[in-house]
Amino acid sequence: MLSRPTIALGERPLSLKDVTAIAHRQAEVELSAEGRAAVLRARAVVDRLVDEGIPAYGITTGVGSQKDFGVSREAIARYNNLMITAHATVAPGPSASAEVVRAALAIQLALFAKGRSGVRLELVESLLARLQADDLPAARLGSSVGASDIVAMSQLAVPLIRKQGVAPGGSGPAPLDGLAAKEAISLLNSNSLMLAEATLALAEVRAVLDAATLAGALSMEGFRGNLNSWREEVDQARGQPGQLRTGRALREALAESRLWQAGEARFLQDPLSFRCIPQIHGAAEAAYDFAHAIFEAELSAACDNPLIDTATGAFLSHGNMETSACCLAMDTLRQALAKLVEASGQRIHKIQWPGFTGLPTSLAVEPGAIGGVQFLNFGHLAGANVGAVRQAAFPALLNYSGQLDDGVEDVAGNAPQSVTETVRSLVPAWNVLTLEVACAVWAVHRRDVPIAALGKGLRPLAREILALLPIGSEGEAIVDLGPLVEVVKTAVGLPAGEK
């Protein structure tokens, strides 16, 4: 068995690829020598602030609207233990998956390894030990407004001090007897859970975009569309990077297709949902690039408030936990995804519409009351799922108008809500793209186009999907789209989730 690579935290910035690998247990984690030294330097600053009795937010004072109340040196340990437990209030709702929790713990550890938080090395080692042992704590989603995942991060931390968490487990092999100065606020004051969920969502969106390329190309095969609209000269004339990338991917999928030959295209000009795939998918690629850049940078952001400045020995109160950039990026991506899915839904209808296809209604063997994709309600399923993706696309950025902590927290980025809506859109997006693939392959079969005559990059997927379609036996048994969805996901390399 091949050994997994090791990611040394504190050695270099954590990447989205790193976090995804850790989440799926495809990489090990350790604390680098640089990270260890940085933790010790920052802790020395916190110890000095406590020893000298300097008023420092969250270190020798309360937090939020209670920031003006001091905490005596003798009460600091008890205050930190009470605060991390008190902030972990549990509300009914979905729990974070094991993958999200692993990713969140890794992101938090990477933050501490920067040496800007001031927690003890013992705490970092305890966090690291439970991640390495995969003894995962539980946390509920849906409790953050995007100015630190305070509640959920507290829930992840509680088992570290030998208290019952949201669910059994999560204390790890080296639990602590309690917390010290600055540690409670550092444990809860980050966006690690949101970033974890966003990282995994971005990885899946990447797979969705790749699947959309295959689906669109297959639809062109089934429709016998005009590939002149997808030539490189067209993309070069527009010059948009996303369109250029999409165009290359489409032409690669269609390499060696008979559709490139003269006389294969049925129309001089196809409907826009076919003709504009490079433009629509290209816009989604641009949105993905924007989101990827924002979240990649955010993994390296020091958002723990206050920050410890080891160069000057000072603490810095700030607003780096604010998440408007993350929310804007995810909102943009989700809207672009909804546009892509909407176009996919249009192709699903066009490819079975006799006036456009020249084939019998519903791609049935012959005109009649029985058979074809509409007999299986593929069109209705597509319409419902397109609607779900479009509903989830509404932006979250401007939805916060709260006045938390006696008006201290009067703005928030709403990134967790935006990420949640993005995750919610993924299942219906996969359903729509799979229905498009199924209809396209069905049309290919109905036109008697051999699989070997399709684009080289489409043949394996078309062959697998064709074997699962109930062509000729519609209505004899209930059709389950689940296996087809899994085939499409596998075709673009999406890792299987934990059962």
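## The cavity and the cysteines

Ile-107, Leu-111, Ser-190, Asn-191, Ser-192, Leu-195, Glu-298, Leu-299, Ala-301 and Cys-303 line the largest cavity. Two elements, α4 (98-112) and α8 (192-223), each give two or more residues to that lining. (Helices are DSSP runs of H or I, at least four residues, numbered from the N terminus.) By class, the lining has six nonpolar, three polar and one charged residues; here Ala, Val, Leu, Ile, Met, Phe, Trp, Tyr, Cys and Pro count as nonpolar, Asp, Glu, Lys and Arg as charged, and the others, Gly among them, as polar.

This is a predicted model, where local features need pLDDT of at least 70 and side-chain atom pairs 80 or more, while totals for chains, interfaces and linings use all residues. Residues are numbered from 1 along each chain as its sequence is written, and side-chain values use heavy atoms, leaving out hydrogens and water.

A cavity is a set of points on a 1 Å grid over the protein atoms alone where a 1.4 Å probe fits but cannot get out, and lining residues have an atom within 4 Å of a point.

As for disulfides (cysteine sulfur pairs within 2.5 Å), a search of the whole structure finds zero. Cys-303, for one, is in no disulfide, with the nearest cysteine sulfur, that of Cys-326, 9.5 Å away. Cys-327 is 8.6 Å, sulfur to sulfur, from Cys-326, its closest, which is too far for a bond.

| Cysteine | Relative accessibility |
|---|---|
| Cys-303 | 7% |
| Cys-327 | 0% |

Note on methods. Buried means under 20% relative accessible area, exposed over 50%, partly exposed in between (1.4 Å probe, protein chains only). On a 1 Å grid over the protein atoms alone, a cavity is a set of points where a 1.4 Å probe fits but cannot get out, and a pocket is an open set with protein on both sides within 12 Å along at least five of seven lines; lining residues have an atom within 4 Å of a point.
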